[in-house]
Amino acid sequence: MVQRIYDILFALREYVLLSVLLIVSLILLSLNDNVQIKSIRSFATIVLGVGQDQLSFISNYFGLKRENELLRRVNIELADQANQLREAKLENLRLRQMVGLREQSQYSLVAAKVIGKNLTLLRNTLTLDLGAVDSVREQMPVVSEAGLVGVVVAVSDHYSVINIVPNVDFRASVKVQRSRVDGILAWDGKSLMLKNVAKTLDVKNGDVLITSEYSSMFPQGIRVGIVSEVTEQEGTLFKSVTIAPAVDFVKLEEVFVILATPNAERLELDQRAHQRFGR
Amino acid sequence: MERYLRSALIAVALLLLQTTFIPYLSIAGYLPDIFLPWLIFVALRRGQIESTVSGFAVGLLQDIVATQFLGLAAFSKTLTGFIAGYFFHENQVGQNLGTYRYVLLVMLGSVIHNLVYFLIFFQGTEGSVVLSTIQASAATTLYTAVISVLPMFGFSQRYHTSWAQ
């Protein structure tokens, strides 16, 4: 009997096998929410994940072009946004500093935009968008939130040109804030120098320079720069003092014109002093 | 024993391919099923019993790693393997595998598999189950058949047959 059943099953083995496997499949279909089945599936997913991880270079390669394009576009958009934000932040910072400067100053200040720069080493100038109609006159000092910028040397109705500190024609009477040592600030075409500083005087690296009360052209106390190098000059009585300007003229965008012309009498005296000490 | 081990390794490799590389070949959301050309190959090369068991095994493997119904792919691939096994002829293995007949059989197997699979898969979804089944079956079948041309050329070279024979 058993042998006969076995023979029948063997003869129909393909159908028996199919039936068994289909029944198992249907049972599995009914066990989808079973906890053990879920555990097996999650384990299988982890195992497959390891394999997929090793083969991820395939998907990376195929997705690379699309991803690159997407990233490039996003990058451009973000860079644009970042630029706008940076500009706004910097403008905000500059304006805040300028407002602070205006409030602190005892002089009447008028804000101007730098619309042109001529930075040619020897005679560096800036062009401002303010002119005679804005009460700007020649010899008026120009400052920024960082310090002394220069002096107005030419004025038209709506524009003005200023000689900035790094200009061979520019001179200013300055002093070392710490030791109160006086000197003349001048640009030699390469470096900003503090002239006429005797070897015996106390000037060190890092000292801050401000405009002196002896200056007939600039109000006292405007920051000018920092001493960056002090060397002893052989055969002379003076030190060679190099100054790092307080203002970054390359990045300068907004300035203030101090609406005050120098006292003519003092100006004349100052010029006489320049002639006496020489360049 | 070695043969079964090799089959298991091939199945795992196909599973990895199906889940990593194949999704990038998606056209309008439809993917080819690369298990089916292999299952048809097993049916034509080894016979009905082996293709039935292979169908169940790879279907179950697919079911386990998929988040869909467990047992559904096993059910449909078992049935496909079984039916494909009817086309096994020991003396015509080369002719069946290395010619367009192989592609036609893949297409037939794919139709059977997809109709069964999608008919159950779409149960309970919104819209027409029959329409969705026909649409998905047609697209997947066509895509799978196109993919099966590649192994057909391989078999054609292996068995020295002309694919248009």
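Two residues are in contact if their C-beta atoms, placed from the backbone, lie within 7 Å. In this predicted model, that criterion places Ser7(B), Ala11(B), Leu15(B) and Thr19(B) of α1(B) against α3(B). The partners in α3(B) are Ser54(B), Ala57(B), Val58(B), Leu61(B), Gln62(B) and Val65(B). By class, the residues of this contact are 6 nonpolar, 4 polar and no charged.

The geometry of the α1(B)/α3(B) pair was computed next. The two helices pack at an angle of about 40°, and their axes lie 11 Å apart. An angle under 35 degrees would count as roughly parallel. α1(B) is therefore oblique to α3(B). The crossing of α1(B) past α3(B) is right-handed.

α3(B) also packs against α2(B), which spans residues 35-46 of chain B. Here the angle is about 160° and the axes are 7 Å apart. Angles over 145 degrees count as roughly antiparallel, so α2(B) and α3(B) are roughly antiparallel to each other. This crossing, of α2(B) and α3(B), is right-handed. On the α2(B) side, the contact involves Phe35(B), Leu39(B), Val42(B), Ala43(B) and Arg46(B). On the α3(B) side, Gln48(B), Glu50(B), Ser51(B), Ser54(B), Gly55(B), Val58(B) and Gln62(B) take part. The contact of α2(B) with α3(B) comprises 5 nonpolar, 5 polar and 2 charged residues.

Attention then turns to the interface. In total, 24 residues of chain A are in contact with 20 residues of chain B. Three helices of chain B each supply at least two residues of the side that touches chain A: α1 (2-20), α3 (48-65) and α4 (72-84). That side of chain B has 14 nonpolar residues, 6 polar residues and no charged ones.

One helix pair spans the two chains. Helix α2 of chain A, residues 13-30, packs with α4(B) at an angle of about 165°. Their axes are 8 Å apart. α2(A) is therefore roughly antiparallel to α4(B). The crossing of α2(A) past α4(B) is left-handed. From α2(A), the contact draws on Leu18(A), Leu21(A), Leu22(A), Ser25(A), Leu26(A), Leu28(A) and Leu29(A). From α4(B), the residues are Leu72(B), Ala74(B), Phe75(B), Thr78(B), Leu79(B) and Phe82(B). This contact of α2(A) with α4(B) divides into 11 nonpolar and 2 polar residues, with no charged residue.

Chain A also contains a barrel. Its 6 strands close in the order β6-β7-β8-β11-β10-β9, with antiparallel pairing. Direction ignored, neighbouring strands of this sheet are turned by 45° against each other on average. Strand β10(A) covers residues 223-232, and strand β11(A) covers residues 239-245. The two run antiparallel and are joined by 7 bridges. One bridge can be named: Glu232(A) has Lys239(A) of β11(A) as its partner.

Confidence values accompany the prediction. Chain B averages a pLDDT of 88, and 96% of the residues score at least 70. For the complex, the predictor gives an ipTM of 0.86 and a pTM of 0.52.

Key: Residues are numbered from 1 along each chain as its sequence is written. Chains are lettered from A and ligands numbered from 1 in the order in which they are written. This is a predicted model: local features need pLDDT of at least 70, side-chain atom pairs count only at pLDDT 80 or more; totals for chains, interfaces and linings use all residues. Helices (H or I, at least four residues) and strands (E, at least two) are DSSP runs, numbered from the N terminus. Ala, Val, Leu, Ile, Met, Phe, Trp, Tyr, Cys and Pro count as nonpolar, Asp, Glu, Lys and Arg as charged, and the others, Gly among them, as polar. pLDDT is the predictor's confidence in each residue, from 0 to 100. Axes are lines fitted to C-alpha atoms, for helices over the stretch in contact, and angles run from 0 to 180 degrees between N-to-C directions. Angles under 35 degrees count as roughly parallel, over 145 as roughly antiparallel, 65 to 115 as roughly perpendicular and the rest as oblique. A crossing is left-handed if the near helix is turned anticlockwise from the far one by less than a right angle, and right-handed if clockwise. Two strands pair if DSSP finds at least two bridges between them.
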